[in-house]
Amino acid sequence: DDPGITTLLKPWKVPSGRKPSEAVAELKDLISSYPPGQNGVDGGGFKIVQTTDNYVYAQFESLKKGKIDDVEFSIGKDGVVLVRASGRFAMKADFGSNAKRLNYLATRLAEKGWTAPAITKDTHPYYFSMNSGKEKVQCV
């Protein structure tokens, strides 16, 4: 398994007719209402670092060790959303924190008509194999 390929996220998609700036506003609202500690991750909170008409960059922080995960969304004029989520340390495992966070966001966006595929052990077997059996959650 090539982790450079098996950890790629499929693009998300905003509902038809929605402008990138409207998608950015939805992402900002969702992130701003994000509950730190949901599903055992991000207990240290988050902050939106940068936004433009078609881009959102946020940081999520673990409670105990203050580790930061970066999450970026780039929205094209065609409504395709490229998503990047990564810890800052060169660890292969993030103890599932990025998947838990993105799945939380994706579920809420899907309720608003977005297409945002979940990250599962079937869609990302390498990611889950690197994070299975971990007793601690990095971003608590």
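A nonpolar core is here a set of buried Ala, Val, Leu, Ile, Met, Phe, Trp, Tyr and Cys residues joined through side-chain atoms within 4.5 Å; buried denotes under 20% relative accessible area, exposed over 50%, and partly exposed in between (1.4 Å probe, protein chains only). In soluble globular proteins, nonpolar side chains tend to be buried together.

The structure is a predicted model, in which local features need pLDDT of at least 70 and side-chain atom pairs count only at pLDDT 80 or more, while totals for chains, interfaces and linings use all residues. Residues are numbered from 1 along each chain as its sequence is written, and side-chain values use heavy atoms, with hydrogens and water left out.

The secondary structure comes to four helices and five strands, in the order α-β-α-β-β-β-β-α-α from the N terminus. Helices (H or I, at least four residues) and strands (E, at least two) are DSSP runs, numbered from the N terminus. Of the 140 residues in the protein, 38% are buried. Among contacts (heavy atoms within 4.5 Å) between residues at least 6 apart in sequence, 58% join residues at least 24 apart.

Val81 lies in strand S5 and is buried, with a relative accessible area of 0%. Leaving aside neighbours within four places in sequence, Val81 is in contact with Pro11, Trp12, Val14, Phe73, Ser74, Ile75 and Trp114. The C-alpha atoms of Val81 and Asn54 are 9.2 Å apart, with the two residues separated by 27 positions in sequence. Leu105, with residues up to four places away in sequence not counted, touches Trp12, Leu30, Tyr34 and Phe73.

Strand S4 is mostly covered, six of its eight residues being buried. S4 pairs with S3 in the antiparallel sense over seven bridges, and S4 and S5 likewise pair in the antiparallel sense over seven bridges; two strands pair if DSSP finds at least two bridges between them. Ala58 has Val71 in S4 as its bridge partner, whereas the bridge partner of Phe73 is Val83 in S5. The hairpin of S3 and S4 has six residues between the strands, and Gly66 in its turn has a positive phi of about 65°. The hairpin of S4 and S5 has four residues between the strands, with Gly79 at a positive phi near 90°.

Across the whole structure, five aromatic pairs were found. Rings of Phe, Tyr and Trp (its six-membered ring) pair if their centres lie within 6.5 Å; planes under 30 degrees apart count as stacked, over 60 as edge-to-face and the rest as tilted. Tyr34 and Phe46 are edge-to-face, because their ring planes stand at 90°, with the centres 6.0 Å apart. This pair links distant parts of the chain, as Tyr34 lies in the loop between helix H2 (20–32) and strand S2 (45–52) and Phe46 lies in strand S2, twelve residues apart. Tyr34 counts as buried at 3% relative accessibility, and Phe46 counts as partly exposed at 26%. Tyr34 also forms an edge-to-face pair with Phe60, at 5.1 Å centre to centre and 75° between the planes. Phe60 belongs to strand S3 (residues 55–61), 26 residues from Tyr34, and is buried, as is Tyr34. Tyr34, Phe46, Phe60 and Tyr104 form one aromatic cluster. Arg108 lies over the face of Tyr104, at 3.7 Å from the ring centre; the criterion is NZ of Lys or CZ of Arg within 6 Å of the ring centre and within 35 degrees of the ring normal.

Two buried polar residues occur in loops. Asp42, in the loop between H2 and S2, is buried with a relative accessible area of 0%, and the side chain of Asp42 makes a polar contact with the side chain of Arg101 (2.7 Å). A polar contact is a pair of N or O atoms within 3.5 Å; within protein, one must be able to donate a hydrogen and the other to accept it, and residues adjacent in sequence count only if both atoms are side-chain atoms. Ser62 lies in the loop between S3 and S4 and is buried, at a relative accessible area of 1%. A polar atom of the Ser62 side chain lies 2.8 Å from the backbone nitrogen of Lys67.
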